[in-house]
Amino acid sequence: MSEEIQKLKDRIMYFESRILDLNKELDLAREEIQAQNLAAEKCEKKRSLEISFSVNRINELLKINEEHQKVNGKLREKLSRYEDKAAHYRRKGVI
């Protein structure tokens, strides 16, 4: 009987040791998952900042484009007036 008790004690010690090993593995897995989550959060924040920057830059470029179109339109009007004047003076023989 003493031999059976010793075998049972040995099995208990083995399972206790195995439980400790599994708990250590579980802790390591939790740490790894936490590190991956932090890395994913960082990546998401960076991506969000890049998107925000891109949207801001696009809006800025759209405003610049709109301003350039206005200036271009005004310059075309002026050029058209000068061309009309030049044509008028050519017809009159001044130029």
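Is F15 buried, partly exposed or exposed? F15 is partly exposed, with a relative accessible area of 41%. Here, buried means under 20% relative accessible area, exposed means over 50%, and partly exposed is in between (1.4 Å probe, protein chains only).

## About the model

This is a predicted model, in which local features need pLDDT of at least 70 and side-chain atom pairs count only at pLDDT 80 or more, while totals for chains, interfaces and linings use all residues. Residues are numbered from 1 along each chain as its sequence is written, and side-chain values use heavy atoms, with hydrogens and water left out.

## Overall shape

Let's start with the whole chain. Its secondary structure comes to one helix and zero strands; helices (H or I, at least four residues) and strands (E, at least two) are DSSP runs, numbered from the N terminus. The radius of gyration is 40 Å, well over the 12 Å that the globule rule gives for 95 residues, so the chain is more spread out than a compact globule. That radius is taken over C-alpha atoms, and the globule rule is 2.2 Å times the number of residues to the power 0.38.

Along its principal axes, the C-alpha trace spans about 135 × 15 × 10 Å. Of the 95 residues, 1% count as buried. The accessible surface comes to about 9,500 Å², with 57% of it belonging to carbon and sulfur atoms; areas come from the Shrake-Rupley method with a 1.4 Å probe, and for residues only the protein chains shown count as cover.

## The helix

Helix α1 covers residues 2–92, which is 91 residues. From its first C-alpha to its last it reaches 132 Å, close to the 135 Å expected at 1.5 Å a residue (the expected span is 1.5 Å times one less than the number of residues). Just after α1, G93 takes a positive phi of about 85°.

A29 and Y89 are 60 residues apart along the chain, and their C-alpha atoms are separated by 88 Å.

## The aromatic pair

The structure holds one aromatic pair. The rings of Y14 and F15 have their centres 5.3 Å apart and their planes at 70°, so this pair is edge-to-face. For reference, rings of Phe, Tyr and Trp (its six-membered ring) pair if their centres lie within 6.5 Å; planes under 30 degrees apart count as stacked, over 60 as edge-to-face and the rest as tilted.

## Salt bridges

How many salt bridges does a search of the whole structure find? The search finds four, a salt bridge being a side-chain nitrogen of Lys or Arg within 4 Å of a carboxyl oxygen of Asp or Glu. One of them joins D27 to R30, with the closest N and O atoms 3.7 Å apart. Both residues lie in helix α1, three residues apart, about one turn of the helix. D27 is partly exposed at 41%, whereas R30 counts as exposed at 51%.

Another salt bridge brings together the side chains of R47 and E44 (2.9 Å, N to O). These two are three residues apart in α1, about one helical turn. R47 is partly exposed at 39%, and E44 is partly exposed at 46%. E60 also forms a salt bridge with R57, whose closest N and O atoms are 2.5 Å apart. E60 and R57 are likewise separated by about one helical turn, being three residues apart in helix α1. Here E60 counts as partly exposed at 41%, and R57 counts as partly exposed at 36%.
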